Amino acid sequence: MEFLEVKNLCKIYGKGENQVTALNHVSLTVEKGEFVAIIGSSGSGKSTLLHAIAGVDVPTKGKIFLDGQDIYAGNSEQLAIFRRRQVGLIYQFHNLIPTLNVVENITLPVLMDRRKVNQKRLKELLELLGLKDRQDHLPNQLSGGQQQRVAIGRALMNAPAVMLADEPTGALDSRNGQEIVRLLKESNQKYGQTLLLVTHDENIALQAERIITIADGKVVRDSKQNRTPARIEDRRSEKRERRAERP
């Protein structure tokens with residue numbers, strides 16, 4: 001089932017000699033609940049694509065449909081509501097409010113939307129993210145990995161339809177980075193949310209179900225990962241055979 005559809009998307013910055021084409025007629029579809037990694041070199045357009053899907057960066061041309069809804073069809077107020085309720089956006093840097101504790105940072109989007117906090121969901125998220133014993137701590141009392149967990153909790157609190165992560169492990173060491181990816185995968189599986197993750201780390205990208213490669217503002221490759229148990233065992237057998245053939 002096509003849940004997200006990007007059609008002929010273009011994004012151009014500047015004019016004349018200073019004009020830069022960040023996205024050049026990009027089209028793709030993503031199924032509901034799918035985990036997709038978007039990779040590409042710096043300046044390839046991968047973050048621009050993510051921010052356009054998030055409703056943060058208005059495209060120059062083209063359309064984006066989420067669950068059949070043209071996200072840019074409404075006015076600015078409707079777009080803001082879409083961002084708050086349908087999209088969970090995670091950046092490389094945590095962007096936490098320094099004067100708010102863990103619970104207050106996580107529940108901030110709900111309160112800004114003038115809605116009641118779902119205490120059951122909050123408790124579930126604190127346990128999922130390993131923050132139950134840190135809920136009263138301020139950001140400066142947390143490690144970098146813990147702060148990024150709070151950012152994930154904030155993105156998940158509104159139960160968004162799609163999670164968009166822009167280099168979420170870029171500011172973390174390898175161990176914390178892997179933990180953040182594990183948590184994102186777990187939330188993807190637990191809540192059935194569609195997950196798009198921009199990364200330059202090939203090891204992280206290989207954990208996704210599908211990898212989309214962007215270059216010069218275009219999709220140059222779109223490949224699904226074969227993760228069936230049989231295929232995994234085949235790879236293990238191939239490795240064992242290669243080791244056995246070595247002198």
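A nonpolar core is a set of buried Ala, Val, Leu, Ile, Met, Phe, Trp, Tyr and Cys residues joined through side-chain atoms within 4.5 Å, where buried means under 20% relative accessible area, exposed means over 50%, and partly exposed lies in between, as found with a 1.4 Å probe on protein chains only. The structure above is a predicted model, in which local features need pLDDT of at least 70 and side-chain atom pairs count only at pLDDT 80 or more, while totals for chains, interfaces and linings use all residues. Residues are numbered from 1 along each chain as its sequence is written, and side-chain values use heavy atoms, with hydrogens and water left out.

The largest nonpolar core of this model has 35 residues, and Ile106 and Leu184 are those with the most contacts inside it. At least two residues of this core come from each of β3 (35–39), α3 (102–112), α4, α5 (144–156), β7 (162–166), α6, β8 (194–198) and α7 (202–205), the helices (H or I, at least four residues) and strands (E, at least two) being DSSP runs numbered from the N terminus. Helix α5 gives the most to this core, with five residues. Apart from it lies another core, of 30 residues, which includes Val30, Val36, Ile64 and Val198.

Leaving aside neighbours within four places in sequence, it is in contact with Ile90, Ile152, Met163, Ala165, Pro168, Leu195 and Leu197, contact meaning heavy atoms within 4.5 Å.

We can now turn to the packing of helices. Helix α4 (residues 119–128) and helix α6 (residues 174–191) pack at an angle of about 140°, with their axes 11 Å apart; axes are lines fitted to C-alpha atoms, for helices over the stretch in contact, and angles run from 0 to 180 degrees between N-to-C directions. The angle makes α4 oblique to α6, since angles under 35 degrees count as roughly parallel, over 145 as roughly antiparallel, 65 to 115 as roughly perpendicular and the rest as oblique. Where they meet, Arg121, Glu124, Leu125 and Leu128 in α4 touch Leu183, Glu186, Ser187, Lys190 and Tyr191 in α6.

Helices α3 and α5 form another packed pair, at an angle of about 35° and with their axes 7 Å apart. Here Val102, Asn105, Ile106 and Pro109 of α3 meet Val150, Gly153 and Arg154 of α5.

Not counting residues up to four places away in sequence, glutamate 34 touches Asn188, Gln193, Thr194, Leu195, Glu209, Arg210 and Lys224. Glutamate 5, in strand β1 (residues 2–13), counts instead as partly exposed, at 27% relative accessibility. With neighbours within four places in sequence left aside, glutamate 5 is in contact with Leu28, Thr29, Lys63, Ile64 and Phe65.
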